[in-house]
Each structure stands twice: as structure tokens, then as C-alpha cells.
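Hi,

Here is the structure I said I would pass on. Have a look first, and my notes come after.

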Amino acid sequence: MSNRFTPLWIFIILVVLTCLTGSETARAQTAGFTSWSMIVFSSNRSGNYELYRADGDGNHQVQITFTPEREYNPDLNRGGTQIVYERRIENNIDLYRCQADGSGVFQLTRHSSPDYDPQWSPDGTKIAFVSERDGEPEIFVINADGSEPVQLTQNGLVDISPTWSQDGQRIAWIQHTYYAGTTH
Ligand SMILES: [Ca+2]
Ligand SMILES: [Ca+2]
């Protein structure tokens, strides 16, 4: 798996995706990707934010969500079979999961506070994400079916952007304060 994550491949994918979506939004350029043979991304090219999948070279783009809500931040699991993503309804955000073709949509979080930044664990059994359910952004982990949420951070700082280590044993994230503007 480590070969798939070489900086060269990541750079190539980002360049391809940026070229494909350059006239669209910055959000579309921050697509999730975990396999260079397939990419998933969010775009508002249809007039509403939807998820799309494409081959690793950007060909064969297919729209896989068709909703009045806004779908963002897809993350594809390592097997290329499941996508976790954000669905935004007014001021709330919850996490959903679907098959790589967009079928089998399943709601993972049901909370009045925003849940976002989902990331599959390497083995596909868990999802790390950010939730503001205690008042500000904290890192959480849930099982792939949305059960057993575990809160990993609890502090007065902003904790966002969780990323799993290759062995799935550790999670790195960004912690900062809005006011000081420092990042660790
Ligand atoms: Ca939509
Ligand atoms: Ca915090």
C-alpha cells in the first residue's frame, strides 16, 4: 500500500484533479482519494454539490449522488468499495456511507452538531472524524456502521483533519486556536 501513497502519485492525482476541476470550486480540488486506480471528489458542476468517481487518470467520470443537499469530502476505503462523506443540510453536517457506485446510502451520524472530515481506517473497520457535539471541534472515531463513538480529544482548542497511520494504530490531526492562529 505504501507504494500507492508515494508523494509522486499524490502529486500526479492532485494535478490531474486540479486540471479537471480547475474551473470549479476549491472544494472539488480537495477530493478524497485512497487508491490511485479510482478517485472520488465533490463538485458543484451540476449546480448542486454532488459526489463523482473517476479512474485514477481522471477519465470515466460518473456522478454518484443526486440530492438537493450538498455532498462533500468523500473518502474512499482502501479496497475501493465504500465511500464515507459529508452531507450538509442547512447548518448541520452528518456523515454518510455508500458503495463506490453511490448505492446503499447509509447515515452514520445523527447529531444536531456538525460531524465532518471523515477518514477510513486502513482496515476499513473504523472512521475518524471531527464533531462539534461538545461545543467545538474534537476528534472522534466510530465503527464503520456508525456505532460506538469514541471521543479522542477534549479540550478548548480546535482539533481537525484526522489522518490514520499506515498501521491504523495512531491518528494525527491538526490542533490550533482560532485566535492565536498557531498550528501544531
Ligand atoms: Ca447534492
Ligand atoms: Ca478541541
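Below is what I found in the model.

First, the housekeeping: this is a predicted model, in which local features need pLDDT of at least 70 and side-chain atom pairs count only at pLDDT 80 or more, while totals for chains, interfaces and linings use all residues. Residues are numbered from 1 along each chain as its sequence is written, with chains lettered from A and ligands numbered from 1 in the order in which they are written.

The chain has 13 strands and two helices (DSSP runs numbered from the N terminus: E, at least two residues, for strands; H or I, at least four, for helices). Of its 184 residues, 32% are buried, meaning 20 or more other C-beta atoms within 10 Å of a residue's own; exposed is 12 or fewer and partly exposed is in between, with C-beta atoms placed from the backbone.

Now the core. The largest nonpolar one (buried Ala, Val, Leu, Ile, Met, Phe, Trp, Tyr and Cys joined through C-beta atoms within 7 Å) holds 26 residues, and Val40, Ile83, Val84, Ile127 and Phe129 touch the most other members. Elements giving it two or more residues include β1 (38-43), β5 (82-89) and β10 (138-143), but the largest share, four residues, is from β9. Leaving out residues up to four places away in sequence, Val84 touches Asp75, Leu95, Arg97, Leu108, Pro118, Trp120 and Ile127 (contact: backbone-placed C-beta atoms within 7 Å).

Pro68, in the loop between β3 (62-63) and β4, is exposed because it has 6 other C-beta atoms within 10 Å. Its C-alpha is 9.9 Å from that of Arg88, 20 residues away along the chain.

Cheers

Notes: Two residues are in contact if their C-beta atoms, placed from the backbone, lie within 7 Å.
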